[in-house]
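Hi,

Here is the structure I said I would send over. Have a look first, and then read on for what turned up in it.

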Amino acid sequence: MTNGTTVNTAPAHAGAVSAPQTNQVFAAIDIGASSGRVMLGRVSPSTGVSLETIHRFPNGVVELDGGLHWDFDALFAEVLKGLAAAASVAGANGERIVSIGIDTWAVDYGLVNDAGELTSVPFSYRDERSRATVERVHAVIPPEKLYATTGLQYLQFNTVYQLASEPNLDGVQALLIPDLIAFLLTGVRRTEATNASTTGLFDAVAGQWATEFLDALGLPRNTFSELIQPGETVGTLLPAILEQTGLPADTTVVAVGSHDTASAVAAVPAQEQHFAYISSGTWSLVGVELNKPVLTDPSRKANFTNERGVDGTIRYLRNVGGLWLLSECQRAWAAQGFSQSLPALLDSAAALPTGGPQINADDPAFTAPDNMPDRIRAAVRNTGAVLPDRPAAVVRCIMDSLAAGYARTLADAERLTGRSTGVVHIVGGGSQNRLLCQLTADATGKTVIAGPVEATAQGNVLVQARAAGVVAGGLAELRALVVAGEELVRYEPAQEVSDVAS
């Protein structure tokens, strides 16, 4: 049932780029909730952005002292290993790594003392500790006031609730995960704005910390470090890092859209003024790009977020359940000895009839790991339906539920912003899922353009390249470079495929 037409929508002029300096390359540290990579990015006016994966490594939560944490020491060791490998590859090619950009997931942080030491293992947002502090925060700052200032979607693991669960913040500073990595590389403490906007302590209009909220919650004014914008330089590498990696002494760390979704949206290959996007991975981030936040009460009740994007844009979106559901099911099935490949699973799911049972894919009940197939079947039973105990049926339920969730979210976004969209861009890992892309086109009634898969890393590299003077212009020019180097796949609703290559 899935169809897709490969289209090349590159314009005649792919963007304003200075005279190419082929020896300049950029290192992108791109870490998600389940894995990370160090990549080398090269930018060309004729072929756009090319990426080379240098080092991949796993990531995931670990249980420690009864809580869910990130194994940050292991994570940072892998980052250094990847940077050393990148330095070796670049040197062998006669290239020079100009800078390093870092993007990760949002909301989580490490606490660093005055001596620059990490005082504890960073918690994962999947830990339940912040659930108990939500009411305490809302008793001091009502949800309506929180939203009117921050414009942030309510999620129980938002940074504001996590910080409220900390027993003592005296003498320490919270560095969000990408800022913590940057600090360990450079010794400089800064908080990048796109990620700061996910904390619940950032003023969506002023673009500064909401210090009145810090005061109201009894949090120190210096809980966070000074803000920095994408494209600004954090600092140069510390001598110890230079020694461990072999990178040139003048290598800088440049702030990018350090919230991975901000980098992904910067690389959405949109040529339309008004478009919708879905950054599809562990989570699905579904929304539109705006010039100013929407802070109305209907927006709050619909649980939309206003997060900063590159160049001061607003990512008006809502978190919807993502491919975490599928990956957790695969993990459970593998433990039971079921080893069918994902493509085969998706083909089997696609062969099933439409109109099957659905779940609310972003229900908090699915946030924690383990027993995902059982939890999905239980959620279906709660709707009065029955889901067969077959992997294909569970996969089809996930795909139908995600597509339906995307359609509802985009309809709400259009209603709340008064802006209609005709094209939905799916980027990230979900752009390779032909079944999900087709079901999304069918559910939304809109053309879906899938790709690039590596949008996050491309956005990371492009912001670095612009900071180095290799690329000129705004987001339109950056996105044109993405289009120049990508083969995009188009899906039409109701399984009608249109070959409109230009």
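A quick term to start: pLDDT is the predictor's confidence in each residue, on a scale from 0 to 100. This is a predicted model, so local features need pLDDT of at least 70 and side-chain atom pairs count only at pLDDT 80 or more, while totals for chains, interfaces and linings use all residues. Residues are numbered from 1 along each chain as its sequence is written, and side-chain values use heavy atoms, with hydrogens and water left out.

The protein averages a pLDDT of 93, and 94% of the residues score at least 70.

Now to helix 11 (residues 324–335). Helices here are DSSP runs of H or I with at least four residues, strands are runs of E with at least two, and both are numbered from the N terminus. Axes are lines fitted to C-alpha atoms, for helices over the stretch in contact, and angles run from 0 to 180 degrees between N-to-C directions.

The axes of helix 11 and helix 14 (residues 391–417) come within 10 Å and cross at roughly 165 degrees. The two are therefore roughly antiparallel; the cut-offs are under 35 degrees for roughly parallel, over 145 for roughly antiparallel, 65 to 115 for roughly perpendicular, and oblique for the rest. From helix 11, Leu325, Leu326, Cys329 and Trp333 meet Pro391, Val394, Val395, Ile398 and Met399 of helix 14. That contact has 9 nonpolar residues, no polar and no charged (Ala, Val, Leu, Ile, Met, Phe, Trp, Tyr, Cys and Pro count as nonpolar, Asp, Glu, Lys and Arg as charged, and the others, Gly among them, as polar).

Helix 11 also packs on helix 13 (residues 372–382), at about 120 degrees with the axes 8 Å apart, which makes the pair oblique. Here Trp324, Leu325, Glu328, Cys329, Ala332 and Trp333 of helix 11 meet Met372, Pro373 and Ile376 of helix 13. By class, this contact has 8 nonpolar, no polar and 1 charged residues.

Two backbone spots to look at as well. Most residues other than glycine have a negative phi, and most peptide bonds are trans. Asp311 has a positive phi of about 65 degrees, and sits in the loop between strand 16 (305–308) and strand 17 (314–321). The Gly451 to Pro452 peptide bond is cis, with omega near 5 degrees; Pro452 is in the loop between strand 19 (447–450) and helix 16 (455–467).

Cheers

Technical notes
Contact = heavy atoms within 4.5 Å.
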